[in-house]
Amino acid sequence: MTNPTEPIGPSGPSGPTDPSGPSGPTDPSGPAGYSHLFDAHPGYLNTASYGLPPRTATDHLTTVLDQWRTGSTDWHPWDATVGHARTAFAHLIDADPADITISSTASQIISTIATALPPRARVLVPDIEFTSNLYPWLTAGATVETAPPDRLADALHPGIDAVAFSLVQSATGHVADLPAITTAARDARALVIADASQAAGWLPITTTGIDALACAAYKWLLAPRGAAFGYLSPALRERMTPLAANWYGTADRDNGYYGLPMHLAPDARAYDLSPAWFSYVGAAPALDLLNHIGVPAIHRHNLTLANRLRTGLGLPPSDSAIVSLDIDGTRLHQAGIRAATRAGRTRLSFHLYTTQADVDATLEALT
């Protein structure tokens, strides 16, 4: 295993490393071969609430927390993981690291994006949108219009200034029709603002046609809560105001601690929050693992298991790693299956550490 105080993985200074550790994967052809990197108890089907970290992440965190406890280093090695995680997230969504900002929550990123809206803006959102991508528009003074998630493209019309939506809906697992939405938004001259918190890490994503994207990293990106990433297109940044401008967004960080004048970075770093270092210490190796395995392989793994459950329940297959069922989750709880209740339904979610045995145990509890 690499030194926890150094950048690791493909974007590290020494070139590619194997984030699976010295023992290597047992099956490098697919996600199932990496199960030995996780300590998931059987029956964890709740990644949509929070993801489980790979052991590489917890090992790094344990070492760094010991450094903090004893004062055996300064903060610069911890801070190096922020830049490393930024680059790894950019790779995950096929973006330029210069267009990636870091934060602690998706809602803070979206609140800053809202500064790009004109006065009395009109924003279209799904009618079941998670509040982190809803309340920021209301507090910015925008008029919010709603439509069902599967009718969002149809509801776009001239006069709408922005369409803001989750790539995957938290409550239902609905996967947005991004090409249709971006095409309709272009015709309506509306900004496209996506929340990738329930998508990044399992759903292949690019920034094509997207003006801004926010993502909380503690779910499918397997990071500690307190790490979040945003994609801000260069054209959008020209319209934005860095509401939380601080020392971390300065052009020359090492010499920008004090006094005037203000010199913010010329790229998305100008919108950075001062990072919660330990969250990024855990985020960097987790993102390295996701990039190492590859999102397309993770996507296949997750959908295979989710659709195995759907088939066992007599439901048609779907394109989502989230399964929302109109059932009482009591039997699942009694069987040791960890899931969530959202919008009055039981929500199950499938990721790297989920196994066929987890699905079969769930089916046994339900049938």
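In strand β7, A228 is the bridge partner of A216, and this pairing belongs to a predicted model. The chain has an average pLDDT of 92, and 92% of the residues score at least 70. Two stretches fall below 50: residues 1–18, which have 36 contacts in the model beyond near neighbours in sequence, and residues 20–28, which have 17 contacts beyond four places in sequence.

- Strand β6 comprises residues 212–216 and is mostly covered, with five of its five residues buried.
- A212, A214 and A216 point one way from β6, whereas L213 and C215 point the other way.
- In a regular strand, side chains alternate between the two faces of the sheet.
- Both sets of β6 residues, A212, A214 and A216 as well as L213 and C215, are buried.
- Strand β5, residues 191–195, pairs with β6 in the parallel sense over three bridges.
- Within that context, A194 has L213 of β6 as its bridge partner.
- Strand β7, residues 228–232, pairs with β6 in the antiparallel sense, and this pairing runs over five bridges.
- β6 therefore has a parallel pairing with β5 and an antiparallel pairing with β7, given that two strands pair if DSSP finds at least two bridges between them.

**Salt bridges**

- The structure holds eight salt bridges, among them R69 with D66, D99 with R237 and R151 with D154.
- Side chains of opposite charge can pair when their charged atoms come close.

*R69 and D66*

- The closest N and O atoms of R69 and D66 are 2.4 Å apart.
- R69 and D66 are three residues apart in helix α1 (residues 55–70), so about one helical turn separates them.
- R69 is exposed, at a relative accessible area of 63%, while D66 is partly exposed, at 35%.

*D99 and R237*

- In the salt bridge between D99 and R237, the closest N and O atoms are 2.9 Å apart.
- D99 lies in the loop between α2 (76–92) and β1 (100–103), and R237 lies in helix α7 (residues 234–237), so the pair ties together parts that are 138 residues apart in sequence.
- D99 counts as buried because its relative accessibility is 11%, with the cut-off for buried being under 20%.
- R237 likewise counts as buried, at 13% relative accessibility.

*R151 and D154*

- R151 and D154 meet through their side chains in a salt bridge, with an N to O distance of 2.8 Å.
- R151 is partly exposed, with a relative accessible area of 45%, and D154 is exposed, with a relative accessible area of 56%.

**Helix α6 and D187**

- D187 is located in helix α6, which spans residues 178–188.
- D187 counts as exposed, at 61% relative accessibility.
- D187 and H157 are 30 residues apart along the chain, and their C-alpha atoms are separated by 8.1 Å.

Conventions:
Residues numbered from 1 in each chain as written. Predicted model: local features only at pLDDT ≥ 70, side-chain atom pairs only at ≥ 80, totals over all residues. Heavy atoms only, no water. Buried < 20%, exposed > 50% of the residue type's maximum accessible area, 1.4 Å probe, protein only. Helix = DSSP H or I, 4+ residues; strand = E, 2+ residues; numbered from the N terminus. Salt bridge = Lys/Arg side-chain N within 4 Å of Asp/Glu carboxyl O. pLDDT = per-residue confidence, 0-100. Contact = heavy atoms within 4.5 Å.
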